[in-house]
Each structure stands twice: as structure tokens, then as C-alpha cells.
Amino acid sequence: MITLKSAREIEGMEASGQLLARVHEALRTFIKPGITTHDIDQFVQTMIEENGGTAAQIGYQGYKYATCISVNDEMCHGFPTSQVLKTNDLVKVDFCIDLHGFLSDSCWAYCVGDNTPEPIQTLMDVTLKALELGIEQAVAGNRTGDIGYVMDEYIKQFGYKMSLEFTGHGLGPTIHEDPMVPFTGQKGTGTLLKKGMVITIEPIVNVGTHYAKLDSNGWTARTVDGSLSCQYEHTLAITDGKPHILTLQK
């Protein structure tokens with residue numbers, strides 16, 4: 001079921017999203033060689049709670065952590081562990097915040113160390129640009145297929161492959177709501193976008209294959225060929241005009 005949010009609800013979700021954005025901004029300097037993904041998880045949870053929020057992923061379908069942290073070939077849903085990060089690791093940090101009952105959700109990619117190698121930087125830049133192009137299509141009267149189409153067509157120019165097994169989604173009152181927002185699609189197909197919808201757009205772009213395999217934990221998805229994977233995600237509201245990004249960073 002798709003729910004349309006009131007102006008009050010969107011305002012609350014934006015407050016949640018701005019806290020989430022501040023956490024990502026803080027991670028820019030926190031993430032460095034020698035720390036673990038568990039350290040990142042604890043940093044995120046502490047900052048959320050110190051600012052009056054709750055790490056919404058904890059307990060969701062039995063999930064135990066405040067974040068999903070996916071490194072290198074991990075596409076999504078990586079568990080925080082004692083894994084020590086090395087220079088040039090590509091780290092994707094994805095988490096949801098509940099602030100006074102209002103949800104937000106965003107993933108951001110970070111390359112560990114001070115100088116990102118060109119192939120990794122290109123993958124990051126292309127994935128972020130795909131997200132931006134998808135957001136431009138998120139207007140009332142368009143369809144979810146319009147979003148997926150522009151993202152997939154853009155990344156194909158660079159020889160990359162889009163994940164076919166995961167999607168963006170509606171947000172609120174729970175973490176995953178209708179509609180699904182695929183990373184690929186055809187123009188004019190999919191769910192009609194209406195004012196008041198709040199959705200996530202979150203392309204997963206792989207250097208090699210489209211496809212994932214699951215780790216033994218039943219959550220972590222990684223590329224079947226071991227190739228690098230990148231993801232960015234924003235939460236946004238559909239309006240009468242341009243889409244309103246609720247998790248925008250400074």
C-alpha cells in the first residue's frame with residue numbers, strides 16, 4: 001500500500017533526514033585506515049542517539065546493527081564486523097533514522113585514505129551522477145520506470161552494470177513500503193508518482209556483473225564475480241514541482 005504524506009509528515013521526515021545527513025558528513029573524517037566497520041557502526045549509533053534519534057534498522061526483520069556497511073565487492077546489507085579497513089577500500093554506509101516517529105534513509109560511499117585511485121573515483125562519480133539523474137525524474141506524473149531508465153542508460157556508457165536484484169522503495173510508516181523503485185526500467189512504465197509520496201532512490205552500480213550472491217549470514221549481497229560495487233541513496237518527497245531531497249548533505 002502506498003501512503004501519501006502530509007506536509008507535517010514530510011517536515012518531520014526532513015528533520016530526520018537532516019540528522020542523517022550530519023552523520024554522513026561526520027563520517028567523511030571518521031573513516032580512515034585502521035578502523036573497523038564495527039567502529040563505524042558504533043559511531044553512527046552513538047551520534048544518532050545523542051541527537052534524540054533511534055537507529056531504525058536495529059530489530060528490523062531481526063537485523064542487529066545500526067548500519068549496513070558494505071566493502072568493495074559487497075553490494076549491500078553488509079554486517080559491521082572487526083574487519084580492519086585498508087587504504088583504497090570502497091566503503092558504503094547505509095542506515096535509517098527514526099526521529100520522533102519520522103524516518104529517513106540514505107547510503108553514501110567513501111574511499112578509505114586521502115587519495116582515491118582514478119578507477120574507484122570514476123565509479124563513485126558515475127554512481128552519484130546516476131542518482132542525481134534519477135532524482136530529476138522523480139516528479140508527479142512520471143513513473144518509476146522513468147527513474148530506472150535514465151540511471152541505467154547513463155551508467156551503461158561507462159561499461160558498468162546495474163544491480164537487477166534490489167530496488168529503492170517507499171518510506172514510512174515502516175522502512176520498506178511500496179512502491180518499489182527499480183534501478184533499471186522503461187520510460188512510461190511502473191508506478192505513477194504522486195505528490196506526497198516519499199521514496200528512496202539508491203542505484204547499486206557494479207564494475208562487472210549485474211548479479212549478487214548471498215553470504216552465509218543471509219543478508220550480505222556481493223557481486224558474483226568479485227567486482228567492485230558502489231551505491232548512493234537519498235530519501236526524497238514528490239511535490240508539485242521539483243523533488244524535495246530530505247537527506248541532502250552540505
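Let me start at Lys195. Leaving aside residues up to four places away in sequence, Lys195 touches Leu4, Ala140, Ile238, Thr239 and Asp240. Keep in mind that this is a predicted model.

Where does Lys195 lie? The residue is in the loop between strand E8, 177-182, and strand E9, 198-201. One of its contacts is Asp240. Along the chain, Lys195 and Asp240 are 45 residues apart, and their C-alpha atoms are separated by 6.1 Å.

Next, a sheet. Three strands make up an open sheet in the order E3-E12-E11, and the pairing is antiparallel. Strand E3, 74-76, and strand E11, 212-214, are the edge strands, each pairing on one side only. From one strand to the next, the twist averages 45°.

How many bridges join E3 to strand E12? There are two, and the strands run antiparallel. E12 covers residues 221-223. As for which residues face each other, Glu74 stands opposite Arg222 in E12.

Last, the surface. Leu164, Tyr211 and Val224 form a nonpolar patch there, and together they have about 270 Å² of accessible area. Of these, Leu164 has its place in the loop between strand E6, 161-162, and strand E7, 167-170.

Why does Leu164 count as partly exposed? Because its relative accessibility is 42%, and partly exposed is the class between buried, under 20%, and exposed, over 50%.

Definitions and conventions
Residues are numbered from 1 along each chain as its sequence is written. This is a predicted model: local features need pLDDT of at least 70, side-chain atom pairs count only at pLDDT 80 or more; totals for chains, interfaces and linings use all residues. Side-chain values use heavy atoms; hydrogens and water are left out. Patches are made of residues with over 30% relative accessible area and no salt bridge: like charges are joined within 9 Å, nonpolar side chains (Val, Leu, Ile, Met, Phe, Trp, Tyr) within 5 Å. Accessible areas come from the Shrake-Rupley method with a 1.4 Å probe; for residues, only the protein chains shown count as cover. A salt bridge is a side-chain nitrogen of Lys or Arg within 4 Å of a carboxyl oxygen of Asp or Glu. Helices (H or I, at least four residues) and strands (E, at least two) are DSSP runs, numbered from the N terminus. Buried means under 20% relative accessible area, exposed over 50%, partly exposed in between (1.4 Å probe, protein chains only). Two strands pair if DSSP finds at least two bridges between them. Axes are lines fitted to C-alpha atoms, for helices over the stretch in contact, and angles run from 0 to 180 degrees between N-to-C directions. Contact means heavy atoms within 4.5 Å.
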